[in-house]
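Hi,

Here is the structure I said I would pass on.

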Amino acid sequence: MTLLKWALICFVISLLAGGLGFTGIASGARSLSRILFGVFLVIAIVIVVLAIAAGKMIF
């Protein structure tokens with residue numbers, strides 16, 4: 001959940017920086033936001049797959 005929170009914070013920073021004209025900072029924050037969200041998504045999918053596999057083993 002922390003990764004998703006940090007991705008959202010970076011996204012908001014990117015929007016604010018872009019709106020104020022700081023395009024370099026906005027681009028960096030956008031890249032960081034995309035990476036963090038991607039890592040969160042991969043971890044979430046792995047956890048769901050492992051939970052389904054564990055459920056099939058138990059039942």
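Let me begin with burial: buried residues make up 14% of the 59 residues in the protein chain, where buried means under 20% relative accessible area, exposed over 50% and partly exposed in between (1.4 Å probe, protein chains only). A word on the source: this is a predicted model, so local features need pLDDT of at least 70 and side-chain atom pairs count only at pLDDT 80 or more, while totals for chains, interfaces and linings use all residues. Residues are numbered from 1 along each chain as its sequence is written, and side-chain values use heavy atoms, with hydrogens and water left out.

On overall shape, the protein chain has 2 helices and 0 strands (DSSP runs numbered from the N terminus: H or I of at least four residues for helices, E of at least two for strands). Its radius of gyration is 16 Å, whereas a compact globule of 59 residues would have one near 10 Å; that value is taken over C-alpha atoms, and the globule rule is 2.2 Å times the number of residues to the power 0.38. Along the principal axes, the C-alpha atoms fill a box of roughly 55 × 15 × 10 Å. The chain exposes about 4700 Å², with carbon and sulfur atoms supplying 81% of that area (Shrake-Rupley method, 1.4 Å probe; for residues, only the protein chains shown count as cover).

Now for α1. This helix runs over residues 2-20, 19 residues in total, and reaches 27 Å from its first C-alpha to its last, close to the 27 Å expected at 1.5 Å a residue (the expected span being 1.5 Å times one less than the number of residues). Its residues Ala7, Cys10, Ser14 and Ala17 are buried. They cover an arc of only 95° around the axis, so they sit on the same side of α1; the arc is that of the directions from the helix axis to the C-beta atoms. On the other side of α1, Leu8, Leu15, Leu16, Gly19 and Leu20 are exposed. Ile13, also in α1, is partly exposed at 41% relative accessible area. Just after the helix, Gly21 takes a positive phi of about 95°.

What covers that buried side? Ser14, in α1, is buried with a relative accessible area of 12%. Leaving aside its neighbours within four places in sequence, Ser14 is in contact (heavy atoms within 4.5 Å) with Ala26, Ala29 and Arg30. Ser33 has its place in α2 and counts as buried at 10% relative accessibility. With neighbours within four places in sequence again left out, Ser33 is in contact with Ala7, Cys10 and Phe11.

Last, the aromatics. A search of the whole structure finds 1 aromatic pair. The ring centres of Phe37 and Phe40 are 6.4 Å apart and their planes are at 35°, so the pair is tilted. For the cut-offs, rings of Phe, Tyr and Trp (its six-membered ring) pair if their centres lie within 6.5 Å; planes under 30 degrees apart count as stacked, over 60 as edge-to-face and the rest as tilted. Both Phe37 and Phe40 lie in helix α2 (residues 23-58), 3 residues apart, about one turn of the helix. Phe37 is partly exposed, with a relative accessible area of 40%.

Cheers
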